[in-house]
Amino acid sequence: MDPVFLLSGLLLMAFGLLGVGVAEPDLLQGHLLRVGLALAALLLGFLLPPERLLRHALGLLALTLGLLLLVLFLGDGPGGVRRWFYLGPLAFQPSELAKVALVLYLASFVGRKGNDTPILGAAILSGVTAGLVLIEPDFATALFLVTLAALLFILAGVPWRRLIMVGLAGVLTVAPFSGYYLNRFRYVSERFTNFLDYLQGEASPAHTAYQVLQAQKAILLAGPMGQGPGGNLPHLPEAHNDMVFASVVFATGWLGGFMVLFLYLFLFLRGLSLALTLKGPLSLLALGLTLYLTLQAAINIGVTVGFLPVTGVPLPFVSYGGSSLLVSGLALGVLLRLAREARGKGVAAWSS
C-alpha cells in the first residue's frame, strides 16, 4: 500500500483518539469501535476496482439520493433536525456518503461524456443532492457539496461558458426560496451574525462564537508540548467533534497541531501527484477524493482557529462520529487502490 496515504490516515486516526480522549474520556471506547469500522471501510475501498466503482457510480448516487430522501421522513437528530439513521449504538448520516458518491458520479460522467459536453443533467443531480441535504437542514454540508462539484467541473476542464450558464440557472432557481429558508432555519444567519460579533470582539456563552474563543483558549494553554491526554481541557462545546482540532492541540501541543497540518498537506500533495499521473476519470476521481478530505479538513481547522464561521463540518479521520470516519476510510482506501493501479501500469506516481 502507498506509505504516504496509509501512514497519514493512520496517524490522523491516532491523533483523533487523543483528541476524543482528552475531550470526552467516556466516548473513547465507542470511538475505538468507529476507528475499527473505518479501517474495515479502508480495506473495502482498497479491494474494490476503481473502474467498477465508476461503472456503478450513477447507481451509488441514486442509492444515496434515496437515503437522503428517506432520512427526511425516518431520520432523527437533536433540535428537530433529520440527518441520522440510528442503528443501535451507531448512527449513519447519508450526507457523508453523498460526498464520495458525488465525486464518483462526476468523475464517471466526465469520463464518459468528455469535458466539452452539456453538463445540465450532471449539475441537476448535484443540485438535487445538495438540496436534499440543505433541507435536513445542513447548510454547511450542502454548500460543501456544491463547492466540491463546482471545483470538479472546473478542474475537469468544462468550458466557462457552460459553468456560468449553469451557475446562473442555479442561482435563479434558489434565490426565490432563500428568504423562506433563512426564516425557517435561523441558525444559518445566526452563525454568520455571531461570526461578525466574534470579529468585533464580542461573544457570549449563548453565541456560537463562544466555541471559537474557547478553542483558541485551549490552543494557547497547550503550549509547545501540550498538556497530555489527562489534561484539564477548558469548557469547549463539541470538543470531541467539530472542535476536535483544539482538543488534539491541547493534548499534544503546538508541535502536534503542526504535525496534523503537515499530514493533511502530505495527503493533498500525494493526491495531487497521483491525479497528475493518472488519466481520464481515474485522474478526476483521485483529485475529487483528495479535495474532499483536505478541503473539509481546511474548513474545520479554519473554523477552530477563527478564520471561518462555525459550520459543523467534521475533521476527517479525527472527529468523533461513525459516518465521517467510515466514509473517510472508504475514500482513503480508494486512493490507495488508485495508487496501486498507477504503479501496476508502470507509472511513477510518487518520486522516492
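**Asking about the labels**

Reply: Helices here are DSSP runs of H or I with at least four residues, strands are runs of E with at least two, and both are numbered from the N terminus. The model is predicted, so local features need pLDDT of at least 70 and side-chain atom pairs pLDDT 80 or more, while totals for chains, interfaces and linings use all residues. Residues are numbered from 1 along each chain as its sequence is written, and side-chain values use heavy atoms, with hydrogens and water left out.

Me: What makes the phi of F317 worth a remark?

Reply: F317 has a positive phi of about 75° although it is not a glycine. Most residues other than glycine have a negative phi. E238 also has a positive phi, near 60°, and is not a glycine. E238 is in the loop between α10 (209–222) and α11 (244–277), and its relative accessibility of 35% is why it counts as partly exposed.

Me: Which kind of peptide bond runs from E136 to P137?

Reply: That bond is cis, with omega near 5°. Most peptide bonds are trans. P137 belongs to the loop between α6 and α7.

Me: Why is the pair of Y105 and F109 called tilted?

Reply: Rings of Phe, Tyr and Trp (its six-membered ring) pair if their centres lie within 6.5 Å; planes under 30 degrees apart count as stacked, over 60 as edge-to-face and the rest as tilted. A search of the whole structure finds 3 aromatic pairs. For Y105 and F109 the centres are 6.2 Å apart and the planes are at 40°, so the pair is tilted by that definition. Both residues lie in helix α5, 4 residues apart, about one turn of the helix. Y105 has 5% relative accessibility, so it counts as buried, and F109 at 7% also counts as buried.

Me: How do you know whether V22 is buried or exposed, and what is it in contact with?

Reply: V22 has a relative accessible area of 6%, and therefore it is buried. V22 lies in helix α1 (residues 3–23). Contact means heavy atoms within 4.5 Å. Leaving aside neighbours within four places in sequence, the contacts of V22 include G228, P229 and S247. V22 and S247 are 225 residues apart in sequence, yet their C-alpha atoms are 6.6 Å apart in space.

Me: What is the make-up of the lining of the largest pocket?

Reply: A pocket is found on a 1 Å grid over the protein atoms alone, as an open set of points where a 1.4 Å probe fits, with protein on both sides within 12 Å along at least five of seven lines; lining residues have an atom within 4 Å of a point. The largest pocket is lined by 36 residues, with G127 and V146 among those nearest its centre. Ala, Val, Leu, Ile, Met, Phe, Trp, Tyr, Cys and Pro count as nonpolar, Asp, Glu, Lys and Arg as charged, and the others, Gly among them, as polar. The lining divides into 28 nonpolar, 8 polar and no charged residues. Helix α8 gives the most to this lining, with 13 residues.

How values were computed
Buried < 20%, exposed > 50% of the residue type's maximum accessible area, 1.4 Å probe, protein only.
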